[in-house]
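Please keep the structure open beside you as you read.

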Amino acid sequence: MTKQQQRGIQTVELSGDILRLVCGAKHPLSLSEIAEYMQMAPGSAYKYLMSLLRTGLLKRNESTLEFE
């Protein structure tokens, strides 16, 4: 099976893209920065970010609310 024929789960892939963005950033990112870069509505980005926080894959500075 070629790579294009393999099926994936879009939500997992998008979560991976968000993780790559945040981990590759030179500074912690705000929700609005993440949403803008990912071309998502802030509400949608927030749901992904909260799931990533709950799984321990991301951290959030509680005073600035930025993600790292």
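Predicted model: local features only at pLDDT ≥ 70, side-chain atom pairs only at ≥ 80, totals over all residues.

1. Helix α2, residues 31-38, packs against helix α3, residues 42-54, at an angle of about 110°, and their axes lie 9 Å apart. Because angles of 65 to 115 degrees count as roughly perpendicular, α2 and α3 are described as roughly perpendicular to each other.

2. Which residues make this contact between α2 and α3? From α2 come Leu31, Ile34 and Ala35, and they meet Pro42, Ala45, Tyr46 and Leu49 of α3. Sorted by class, the contact holds seven nonpolar residues, with no polar and no charged ones.

3. Next, please look at Ser15, which sits in helix α1, residues 10-24. Is Ser15 buried or exposed? Its relative accessible area is 16%, and since buried means under 20%, Ser15 is buried. Leaving aside residues up to four places away in sequence, Ser15 touches Tyr48 and Leu52.

4. Finally, turn to Leu58, in the segment after α3. Leu58 has a relative accessibility of 5%, so this residue counts as buried too. What does Leu58 touch, beyond residues up to four places away in sequence? Its contacts are Leu19, Val22, Leu49, Leu52, Leu53, Phe67 and Glu68. Leu49 also takes part in the contact of α3 with α2, and Leu52 is also touched by Ser15.

5. Leu58 and Cys23 are 35 residues apart in sequence, and their C-alpha atoms are 8.7 Å apart in space.

Key
Residues numbered from 1 in each chain as written. Heavy atoms only, no water. Helix = DSSP H or I, 4+ residues; strand = E, 2+ residues; numbered from the N terminus. Buried < 20%, exposed > 50% of the residue type's maximum accessible area, 1.4 Å probe, protein only. Contact = heavy atoms within 4.5 Å. Axes fitted to C-alpha atoms, helices over the stretch in contact; angles between N-to-C directions. Parallel < 35°, antiparallel > 145°, perpendicular 65-115°, else oblique. Nonpolar A, V, L, I, M, F, W, Y, C, P; charged D, E, K, R; others polar.
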